[in-house]
Amino acid sequence: MLSLRFKLSLAAIFLVASSFSSETDKLDESILSKKRLEIFDLSKEKIEEDSSKLKKDWINPITYTYSKVYGEVYDTEKSLVSIDQPIFKTGGIYKAIKYANAKRLYSHLDLDLQKKALIKDTTTLLFNIHKIELEIKKQGLLVKNGEIDVERKKEQVFNGFADTSLLDNAILDTNTRRNILAELIYQKDELVNQFNTYAEGDYASFELPKFKLLGKESFLQNNLNILKSKADISSKNDYSWMIISKYLPTVSATFDYTQYHTTSNPSITDDSVQNYGIKVTMPLDTRTYNDIQSTRIDYLKAKLDFDNVILEQENFFKSKLSKIKMIDSKISIAKNDYELYNSLLDVIMEEKEAELKTQSDVDTLLNSKKIKALELKILDLEKQIELLDIYSKIS
């Protein structure tokens, strides 16, 4: 029959995952500092403004000209308002608006990728801080076990049951463990400093997220790199049609209004003159074919790149699944070891009560059991870091 302590220990194993974090399926941008978030907000505003500007590129400006000319015969002071506005560009106006929308989507997706990458890096630092804290606790227990072993070897040497070389080795091993502990403490300080570069506030005030394993189909459907590549294809296709329309007939409405303020020219009898009409233009350029072919090649390259992006993301997902599977195997082994230490601890406790084992034997085994519990938590954090990489790729 299992002891009560063993049952409670088993229950603790299954609560390891929930002891750190809150359930979520997305990256939390609140981990970034306000200034960094403001930069992304301003970048979004710039994308919107650039997109609006791009949509209006086909609209020509109204030109106002003021001139005062002192001639040898006549002096003239006048204002001129002129409009030369395309109203039909063989599909170019429609494609220009479509291109602006596709470019806007592409820019937003690119910005989302940049933002998620920064959130991922900052969140990874947070995970690694918690992970190294567990490693510090683990190393502290290894140091304790080393100190217990040194005391045990001392007694054996003093009582003539062991050679001094065994004591020397135990002391060296313990000091090595102490040095590793000092390095881990330094590494934690470095991670905290890096975290504070991107985040605002004490790292302990942030709650670790908890990610679930995502299906491949869902990962590919919501993959930002794939969506960005699709938007790139669309924008390059619309742009190529814009270039084609540039070399096709364009119908424009024209209007000129001239206001004479003062003039000494007797031939000008009206203070104002206006002209309006329609004109058709079509450029005859020797570079037309090359220009059109260049944009079509860009479009074809984007379509080929799209296939490569899908392949890259599929292989990325497979690699992450393999890494997670390996971590799950380690977790299974660590759980078995944890259960073994629990059963051994029950036996050692009974033998101690029978005066067959010492308190140091109990303390060593108890520390080893705690080490395995910490290893389980460390492995869980490593798994979450891999899942974080996956979620940083999706919208």
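**Overall fold and helix packing of the predicted chain**

Residues 24 or more positions apart supply 84% of the contacts in the chain that have a separation of 6 or more (contact: heavy atoms within 4.5 Å). The model is predicted: local features need pLDDT of at least 70, side-chain atom pairs count only at pLDDT 80 or more, and totals for chains, interfaces and linings use all residues. Residues are numbered from 1 along each chain as its sequence is written, and side-chain values use heavy atoms, with hydrogens and water left out.

The chain holds eight helices and six strands. These are DSSP runs numbered from the N terminus (helices H or I, at least four residues; strands E, at least two). From the N terminus on, the order is α-β-α-β-β-α-α-β-α-α-β-β-α-α. The radius of gyration is 37 Å, well over the 21 Å given by the globule rule for 395 residues, so the chain is more spread out than a compact globule. The radius is taken over C-alpha atoms, and the rule is 2.2 Å times the number of residues to the power 0.38. Along the principal axes, the C-alpha atoms fill a box of roughly 130 × 45 × 40 Å. Of the 395 residues, 36% count as buried (under 20% relative accessible area; exposed is over 50%, partly exposed in between; 1.4 Å probe, protein chains only).

Helix α2 (residues 34-55) packs on α3 at an angle of about 170°, with the axes 8 Å apart. Axes are lines fitted to C-alpha atoms, for helices over the stretch in contact, and angles run from 0 to 180 degrees between N-to-C directions. The angle makes α2 roughly antiparallel to α3 (over 145 degrees). Contributors from α2 include Phe 40, Ile 47 and Leu 54. Those from α3 include Tyr 99, Leu 111 and Leu 118. By class, this contact has nine nonpolar, six polar and seven charged residues. Nonpolar covers Ala, Val, Leu, Ile, Met, Phe, Trp, Tyr, Cys and Pro; charged covers Asp, Glu, Lys and Arg; the others, Gly among them, are polar.

Helix α3 (residues 92-158) also meets helix α8 (residues 359-391). Their axes come within 9 Å and cross at roughly 165°. That makes α3 roughly antiparallel to α8. The contact of α3 with α8 has twelve nonpolar, ten polar and 15 charged residues.

Val 69 lies in strand β2 (residues 63-70). Val 69 is partly exposed, at a relative accessible area of 47%. Neighbours within four places in sequence aside, Val 69 is in contact with Tyr 74, Asp 75 and Thr 76.

Notes: Angles under 35 degrees count as roughly parallel, over 145 as roughly antiparallel, 65 to 115 as roughly perpendicular and the rest as oblique.
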